[in-house]
Amino acid sequence: MIRVRRIAHADFDTPDLERQVDYYTEILGLTLVAKEKDAAYLANTNDHHSVVLRRASEARCVRLAFQTAPDADLAAFKKQVESHGIKVESKKDPEPTIPEMLTFEDTKGTIMEVFREREPVAQRFGEKGIVPLKLGHVAFNVVDVKKASDFYCDVLGFRVSDWMADFFVFLRCSPDHHTINLVDSKRSKMHHIAFELRNWGHLQTACDFLATKGYPLIWGPGRHGIGHNLFAYHRNPDGQIVELFAELDRINDEDLGYFEPRPWHKDRPQKPKVWAKDPSASNIWGIMPPADFLD
Ligand SMILES: [Fe+2]
């Protein structure tokens, strides 16, 4: 099986392109690298773009892009996807720096973009705003969580890191505990987008910065049970939930199969498992999210 190895970027429609560009550059601290009349490309480091914004009537997450290993056989990957009865399109020069890409839809209609190579960019970290290390993960509400989870595992090569009971799954495509998480819901939509910060100090600085700029937290700071990441959530101007996190669990060696040991783990070693639906799975520190958080 050919597996995707990392998330490269996420594309959003927005009804107010200028306002969202302002948020992503002045608050989050990404760099605006290219601007078209109805689109903006925002970067932090190795990728030409980590977030793409496009002018549209309604705010939503439209696409996610994943990168394979540089020596992956894209033709074989195309067959792998098609073997599940999924229609795949091949595109040449679809986006800046990406010469070749396959696109297809996941079970909820989000467009998957898979590419192997991109032209290298010498993009430096930004110098204003929060400036995350990277785009970490994207979480979705989905109407059939088992079907969606099977898609990411069987088609894209993700692995299951943890389940909460049978309704919330955390999937990895790299050493990071999760790059996609999916919660069973009445309707499908993006739940949140998450950016990795350096450490607790960076998270504190970010929370203080958000407060001075008029972005109150809606949950956190805390430490999740599942994934064990420090977290703080706020909403961007389009109303989308943005998570800032640090210290996410990592499986450095898939053959060993456990997360790197940490003092806050209850299991020794901490391995992928099914967690009970318990408050400590959400926040070890005990404070629960607002009632509408998972809607
Ligand atoms: Fe998250």
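These notebook entries record what I looked up in the predicted model above.

**Conventions**

I number residues from 1 along each chain as its sequence is written, and I use heavy atoms for side-chain values, with hydrogens and water left out.

**Entry 1**

I took helices (H or I, at least four residues) and strands (E, at least two) as DSSP runs, numbered from the N terminus. I counted two strands as paired if DSSP finds at least two bridges between them. In what order do the 8 strands of the open sheet run? I read the order as β2-β3-β4-β1-β5-β8-β7-β6, with mixed pairing. At the edges I found β2 (31-36) and β6 (89-95); each has a single partner strand, so one side of each is left without a neighbour in the sheet. The twist averages 25 degrees from one strand to the next.

Strand β6 pairs with β7 (residues 98-105) in the antiparallel sense, over 5 bridges. Lys91 stands opposite Met101 in β7. I also noted a salt bridge between Glu100 and Lys92, whose closest N and O atoms are 3.6 Å apart; the criterion is a side-chain nitrogen of Lys or Arg within 4 Å of a carboxyl oxygen of Asp or Glu.

For exposure I used relative accessible area: buried is under 20%, exposed over 50%, and partly exposed in between (1.4 Å probe, protein chains only). Glu100 is partly exposed at 29%, whereas Lys92 is exposed at 64%.

**Entry 2: helices across the sheet**

Contact here means heavy atoms within 4.5 Å. Axes are lines fitted to C-alpha atoms, for helices over the stretch in contact, and angles run from 0 to 180 degrees between N-to-C directions. Helix α1 (residues 17-27) lies across β1 (6-14), β2, β3 (39-43) and β4 (51-55), at about 165 degrees to β4. Helix α2 (residues 74-82) lies across β6, β7 and β8 (111-115), at about 5 degrees to β7.

Which residues of α1 are buried? I listed Leu17, Gln20, Val21, Tyr23, Tyr24, Thr25 and Ile27. Just after α1, Gly29 takes a positive phi of about 90 degrees.

**Entry 3: the iron site**

His137 (NE2), His192 (NE2) and Glu243 (OE) coordinate the iron ion at 2.0 to 2.2 Å. Their spacing along the chain is H-x54-H-x50-E. His137 belongs to strand β9 (residues 134-142) and Glu243 to strand β16 (residues 241-246), 106 residues apart. Both His137 and Glu243 are buried.

**Entry 4: salt bridges**

The count comes to 26 salt bridges. Asp47 and Arg118 meet at 2.2 Å, N to O. Asp47 lies in the loop between β3 and β4 and Arg118 in the loop between β8 and β9, so the pair ties together parts that are 71 residues apart in sequence. Asp47 is buried at 7%; Arg118 is partly exposed at 24%.

Arg223 and Glu247 form another salt bridge, at 2.7 Å, N to O. Arg223 is buried at 6%, and Glu247 is partly exposed at 34%. Finally, I recorded a network of salt bridges that links Glu18, Lys35, Lys37, Asp38 and Arg55.

Technical notes: Predicted model: local features only at pLDDT ≥ 70, side-chain atom pairs only at ≥ 80, totals over all residues. Donors = N, O, S within 2.8 Å, 3.2 Å for Na, K, Ca; no water.
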